[in-house]
Amino acid sequence: MFNKILVANRGEIACRVIKSAQSMGIKAVAVYSDADRYSPHALMADEAIHIGESPAQSSYLDKEKIISAMKQTGAEAVHPGYGFLSENSDFAREVEKSNLVFIGPPSSAIDSMGDKISSKKIAEKAGVSIVPGFLGEISDEKQGAKIATDIGFPVLIKASAGGGGKGMRVVSSESELKQSLISSQNEAEKSFGDKRVFIEKYITNPRHIEIQVLADKFGNCIYLGERECSIQRRNQKVIEEAPSPLLDSQLRKKMGEQAVGLAKAVNYSSAGTVEFIVDEEKNFYFLEMNTRLQVEHPVTELVTGLDLVELMIKISYGEQLKLSQEEIKLTGWALESRIYAEDPYRNFLPSTGRLTKFKPPQESSSVDKVIRNDCGVDEGGEISIYYDPMISKLCTWGKTREEAISFMQEALDEYQIEGIGQNIPFLQSVYRNRDFCKGNISTAFIEDNYSEGFKGETLSQEEYSQLAALVTFAHHTKNLRDQAISGRLDPFEEKEVEGFFIRFDDQWLATKIEKYGDEQTVTVNDLQLRFVASWKPGDTLIEGKFKKKNIVARLSFQDRGIAVEYRGSLNTAIVCNETEKELFNFIKEPEVIDTSKFLLCPMPGLLVSMGVKEGDAIEEGQILCSVEAMKMENVFRAEKKGIVKKVNMAAGDSLAVDDIIIEFE
């Protein structure tokens, strides 16, 4: 077996690979950029090598620096993780030429399958059903328009050299084609060093299902079931699960056998994933083959009991697969939630900054329940503009899908992240959705259910009452502590507890503590609630154990009230007495500053292009500029007609939140 391997990646996947290598008795070498000097993956490895500046092109995408680090440290093999150089056949060949081992498929298979155009041609030749489209590179807008018109809108522009949603755009009309083509090419070049794109028919309301394959160098190939990856936003997966609620054993076998057949057609070895889309009639079409470890591989590991990283290392070393297809059994149900650094209340704009608090839920594993959190950050660390915004992958496993969802909700309740925006409220909202819980999903799920963006969940009246009881308890507890500190209260003297009024979402709830101690009794309006609460001043989370339900909510005491976050809802609870309640009606709302004549930058990023100049008359929907943040390009359009008064920024400028990019008359 290898004595030492280098992990050519960063973040959670680097940590993941290092853990498996070290558990096998293999020393692991990490590489890091300027931005990752103190990152967990660099600290947990046996050795760590600095490879350059923060931009990926100067570090993690630099093939020569990676191979040089291997030679410098004596690493015999390299695991690329996912993204970066994982599907770069030139890198795999350079590794092979240096008499080192690439832990992944042979470079010839990456050439065949890593290129989305050639892979579709091979799949078509192998008899695999493919999506209608043009299997060639789009050279310019004119050619793209003709092809799209021939295929019929809507169409999908896709990067030929990559995956992960980068360089992908859905185009509904010819008027959208030019900018979508430019943005796709820009993203593809920045993410993969290859700007080629192609066009295929966009199938509406499909389900995205992928088959995990595993092949050795002796011609043995098996499939490890499927993963459902239909919950996507901007073509980026958000929630994955295994198995799929859609597939039965017959369809699973048919798709699995086609995936294996395709892998064998290109002499594949290592772990790989064959992706399909499935329409409403359960017809499935080949999308692409990812010749690498997938982001969502943990759910497959949880239902099969296998370590895919360990198997990849063994296969690359030359070991033969000891598993047969008949031995692969799917047990229970697993879910993965991608925790992203983004603000769901601001159209999921990327969020950067320092993690002032980071406390993920406790990991655990038993015969009935598994909580797993693959993570590459820690408290005090920074989320920068240079890389993907994913913080971690929270996974749960249960005997049934219902159990896995329940465990996930509980784990998300306990996840504490402060200092940056994060998408936990949105994830909780999805897990509350009835269609999701029934398995009625598609890649259009988020678009259909959040067409106007994420505004937060509306709670039931029972939940409002329970939260009001918890807020009353916390408010009273804090008051007792503050009065005891100031000497205004004898903590041993019993006093009558006054009532409170709590304003939640424009409704007032009257509350009163009837009993305070080990068990609490709080009356909310006319409803008496008994519960055991766990909270002390300074805690972020408050847990209330009611008769039929446990509630874990986040509390933050602020100047205007108590911010209460619970399972996708965010409210500011105003706590006051009866006199203050009456006076509340006379309080004026703060004046809103008019920013309608400014284009403000909504997130930190890089100004890629400026589409207007001073004095220009602009039309509604016209492209103003584009900003790149965390490897995604965001195009900004005019909301109405106007005249450009001043352009404050130029292409290449770094932008901060609320920087004024353009001023209008």
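Let me begin with a term: a residue is called buried if its relative accessible area is under 20%, exposed if that area is over 50%, and partly exposed in between, with a 1.4 Å probe and protein chains only. What I am showing is a predicted model, in which local features need pLDDT of at least 70 and side-chain atom pairs count only at pLDDT 80 or more, while totals for chains, interfaces and linings use all residues. Residues are numbered from 1 along each chain as its sequence is written, and side-chain values use heavy atoms, with hydrogens and water left out.

I will start with the salt bridges, where a side-chain nitrogen of Lys or Arg lies within 4 Å of a carboxyl oxygen of Asp or Glu. By this rule the structure has 44 salt bridges. One of them joins E301 to R16, with the closest N and O atoms 2.7 Å apart. Because E301 lies in helix α10 (residues 297-304) and R16 in helix α1 (residues 11-23), this pair ties together parts that are 285 residues apart in sequence; helices here are DSSP runs of H or I with at least four residues, strands are runs of E with at least two, and both are numbered from the N terminus. Both E301 and R16 are buried.

A second salt bridge is formed by E210 and K237, whose closest N and O atoms are 2.9 Å apart. E210 belongs to strand β10 (residues 207-215) and K237 to strand β12 (residues 236-242), so parts 27 residues apart in sequence are tied together, and E210 and K237 are both buried. These two residues also belong to a network of salt bridges that links E210, R227, K237, E240, E275, E296 and R338.

Is E463 buried or exposed? E463 is buried, with a relative accessible area of 5%, whereas R432, its salt-bridge partner at 3.1 Å between the closest N and O atoms, is partly exposed at 24%.

A cavity is a set of points, on a 1 Å grid over the protein atoms alone, where a 1.4 Å probe fits but cannot get out, and its lining residues have an atom within 4 Å of a point. Grid points are joined across faces, edges and corners, and a volume is the space filled by probe spheres set on the points. The whole structure contains four cavities of 30 Å³ or more, and the largest cavity holds about 170 Å³ of space. Of the 14 residues lining the largest cavity, R233, R234, E342, P389 and M632 are the closest to its centre.

Finally, the aromatic rings: those of Phe, Tyr and Trp (its six-membered ring) pair if their centres lie within 6.5 Å, and planes under 30 degrees apart count as stacked, over 60 as edge-to-face and the rest as tilted. There are 22 aromatic pairs in the structure. F2 is buried, with a relative accessible area of 6%, while Y317 is partly exposed at 41%. Elsewhere, Y345, F348, F426, Y450 and F454 form one aromatic cluster.

Notes:
On a 1 Å grid over the protein atoms alone, a cavity is a set of points where a 1.4 Å probe fits but cannot get out, and a pocket is an open set with protein on both sides within 12 Å along at least five of seven lines; lining residues have an atom within 4 Å of a point.
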